[in-house]
Amino acid sequence: MIKYLEIYTERRTHFVDITDEVKEVVSRSGVDEGICYVYVPHTTAGVFINENADPDVRIDIENTLEKLIPWVSNYRHVEGNAAAHIKSVIVGSSVSIPISKGKLLLGTWQGIFFAEFDGPRTRKVIVKIIEG
Ligand code: ZN
């Protein structure tokens with residue numbers, strides 16, 4: 001089964017915790033054993049798994065990416081959002097999480113984040129549940 005999530009981002013860089021939405025898709029799928037594949041079909045956004053307990057972790061990630069890849073630099077891309085494309089490549093476009101006994105096998109401190117790098121926008125996340 002496949003499900004499209006709609007994500008509304010509010011800033012140029014905005015990490016949205018989508019863990020609960022993804023868990024909901026897994027639970028509705030009725031799949032006990034398998035893989036949950038989360039995919040972002042955008043070139044200036046990404047998805048990652050990291051700590052969702054302390055909100056300062058995502059701020060540190062955001063600030064460090066900003067320092068490494070500033071919005072304004074000597075980029076060639078005429079659209080003016082080269083930094084967002086580069087951050088998207090670094091963060092990646094998909095994550096896979098095992099499902100066992102009907103639950104995502106995320107670690108205690110792990111959450112799934114949609115990473116916006118050229119917002120605010122309405123975005124799509126594709127969640128595919130593979131039984132097996
Ligand atoms: Zn562009």
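I began with rings: those of Phe, Tyr and Trp (its six-membered ring) pair if their centres lie within 6.5 Å, with planes under 30 degrees apart called stacked, over 60 edge-to-face and the rest tilted. This is a predicted model, where local features need pLDDT of at least 70, side-chain atom pairs count only at pLDDT 80 or more, and totals for chains, interfaces and linings use all residues. Residues are numbered from 1 along each chain as its sequence is written, and side-chain values use heavy atoms, leaving out hydrogens and water.

**Entry: rings**

I searched the whole structure and found four aromatic pairs. Phe15 and Phe48 make an edge-to-face pair, 5.0 Å centre to centre with 80 degrees between the planes. Phe15 lies in strand 2 (residues 14-17) and Phe48 in strand 4 (residues 45-51), so their pair ties together parts 33 residues apart in sequence; strands are DSSP E runs of at least two residues, numbered from the N terminus.

Are these two buried or exposed? Phe15 is buried at 5% relative accessible area, and Phe48 is buried at 11% (buried is under 20%, exposed over 50%, partly exposed in between, with a 1.4 Å probe and protein chains only). I then looked up Tyr37 and Tyr39, a stacked pair at 6.1 Å centre to centre and 15 degrees between the planes. Tyr37 is partly exposed at 30%, and Tyr39 is partly exposed at 32%.

I also noted one aromatic cluster formed by Phe15, Phe48, Phe113 and Phe117.

Note on methods. Helix = DSSP H or I, 4+ residues; strand = E, 2+ residues; numbered from the N terminus.
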